Amino acid sequence: MQGLMMDYQLTLDAVLRRAETFFGSKEIVTRLPDRSIHRYTYTDMVRRTRQLALALADLGVQPGDRVATLAWNHHQHLEAYFGIPIMGAVLHTLNLRLPAEDLVYIVNHANDRVLLVDQVLLPLVERIRSNSHIEHVIVIGADGAAPEGMRSYEQFIEGYDADTFVQSALDEEQAAAMCYSSGTTGRPKGAVYSHRALVLHSFASAMADTLGVRERDTVLPVVPMFHVNAWGLPFTSTMVGAKQVMPGPFLDPASLLELYQQERVTITAGVPTIWLGLLQMLDKDPTAWDLSSLRVLLVGGQAAPKSMIQGFRDRHGLEVVHAWGMTETSPLGSVAVLSSEMDNLSVAEQDVFRATQGRPAAFVEIRARGEEGLLPWDGASMGELEVRGPWVAAHYYNNPDAEESFTEDGWFRTGDIVTINSAGYIQIQDRAKDVVKSGGEWISSVALENALMGHPAVAEAAVFAVPDPRWLERPMAVVVLREGASVEPEALREYLSGEFPRWWLPDRVEFIEAIPRTSTGKFQKSVLREQYGGASAS
Ligand code: AMP
């Protein structure tokens, strides 16, 4: 027997209509490139979004065409987030931190026809456009003065009457957006998000036991809108009607702290690097900002050191919530929210769970696979995490060579090496390619570097494998010291020996100025391996 419910398509135009109907007077705030603050409401946002959709259609953009953005977090980017998908086209967010040659590859692979770009990023466009099939460049922030052969965004949309926009019926399975993974191995690969995936992802993100985004929240995504849709927060916030605050290009701690205070931000989200910088600033001057509105700092993209989570809470009364996800998982996978069964644990015991990657969101299923098959959830067996769910990629865009990323029974192979405990909490031990294989045994570089970052003299630390004649690989650490601090390598090894067996301890510890990072802010261990790979362990 069939259910007798409506065949209602889960598409982004319904999210927009909801915002228009119920949250019209709520604010969206942007810090513009000249540092001034721009404010408008959802009513304005919906109107301009429809104007954009009409303008794109007039330009000849067809359903399914890719429209790229190369832009920071701001209200016009939010208009693109909805305006492109509601007219049936595909929003393709480009990572402005990638080298031009990667961008050319991505733009050509996706076959982007139109590009919306921030004026401040135009120098990058010059290096991409001539090698691509981009037909139209629309410049955001040019205020009527776009360079020759390009158009200003404001002029592009201004002549259109939003009331004439007629929403065509969209299929929930059609593509709404796409994003290329940062490609730490091989060429970048495209994840293509359907309307349905983004709508369900918004529901899941809003749940109290995941990110818990509500109408009364004020959300500031530090995570860029070009990095997995700013973790879906612009979609989720619009669905629930939260006030949105966009930091523009200013992601330094002082600019963020100022916005948190001024706009009474309740939820903010970003990678650990952002929070480590913020924590150092707060430690220097703990009373300079009123952060009483801040409810949650979401952290993900790289493992959050336990010491950082504790530092925010113990020294500044701020809660850090740790989440795991990937470009291929839209990105919400799991969130380290404590369950009621943990209420009786000591704070120190609870902190162990807070620093894990947490339990999966509803409908995200997980399992770990070792060389011999699926692994028990015993908190000790290490294997590759596999996931499936309604917002997890089933294929990469136009990339038959990448099918080995998917198992025969349709799960996505994440490339993350994990343990899963009996309560289903995931602990990422490494990327598959970063795990240190010493004498056939695995050493978690992530566990070592997070422990090192708990030492008072250490600002940041990365651990990676260097070749070893006897064990094939051994761990080595590079450490960035806190300003004015000093420590001997042996003291750091000693510090680690409280927590890890001796054979886990890095054979070599070097002090460096800065850890090389990828375009999405992760430690770039390939560079470290190359740099130190030839050197003998001492
Ligand atoms: P990306 O697709 O650029 O978002 O990168 C996804 C990868 O980032 C994952 O496969 C993990 O290796 C890593 N990652 C994301 N979140 C976390 C986290 N909370 N802890 C550790 N690694 C993470």
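Two strands are taken as paired if DSSP finds at least two bridges between them, and the elements themselves are DSSP runs numbered from the N terminus, with helices being H or I of at least four residues and strands being E of at least two. The model is predicted, so to read it note that local features need pLDDT of at least 70 and side-chain atom pairs count only at pLDDT 80 or more, while totals for chains, interfaces and linings use all residues. Residues are numbered from 1 along each chain as its sequence is written, and side-chain values use heavy atoms, with hydrogens and water left out.

**The five-stranded sheet**

Select residues 383-388 and 412-420, which are β19 and β20, and you will find them paired in the antiparallel sense over 4 bridges; within this pair, Gly383 stands opposite Val418 of β20. Widening the selection shows an open sheet of 5 strands, ordered β18-β17-β19-β20-β21 with antiparallel pairing. At its edges stand β18 (373-374) and β21 (426-431), each with a single partner strand, so one side of each is left without a neighbour in the sheet.

**The mixed sheet and its helices**

Next, select the open sheet of 7 strands, whose order is β7-β6-β5-β3-β4-β8-β9 and whose pairing is mixed. Its edges are β7 (151-152) and β9 (190-194), and because each has a single partner strand, one side of each is left without a neighbour in the sheet. Inside this sheet, β5 (residues 112-118) and β6 (residues 136-140) pair in the parallel sense over 5 bridges, and Val117 has Val139 of β6 as its bridge partner.

Helix α2 (residues 42-59) lies across β3 (66-70), β5, β6 and β7, and runs at about 140 degrees to β5.

**The hairpin**

Select residues 27-31 and 37-41, the strands β1 and β2, which pair in the antiparallel sense over 5 bridges. Val29 has Arg39 of β2 as its bridge partner, and among the 5 residues between the strands of this hairpin, Arg35 takes a positive phi near 75 degrees.

**The ligand**

For polar contacts, which are pairs of N or O atoms within 3.5 Å, select Asp416, where a polar side-chain atom lies 2.6 Å from an oxygen atom of the ligand. A polar side-chain atom of Gln357 lies 2.8 Å from a nitrogen atom of the ligand, and a backbone N or O atom of Gly301 lies 3.0 Å from a nitrogen atom of the ligand.

Finally, select Pro331, in the loop between β14 and β15 (332-335); the peptide bond from Ser330 to Pro331 is cis, with omega near 5 degrees.

Methods
Contact means heavy atoms within 4.5 Å. Axes are lines fitted to C-alpha atoms, for helices over the stretch in contact, and angles run from 0 to 180 degrees between N-to-C directions. A polar contact is a pair of N or O atoms within 3.5 Å; within protein, one must be able to donate a hydrogen and the other to accept it, and residues adjacent in sequence count only if both atoms are side-chain atoms.
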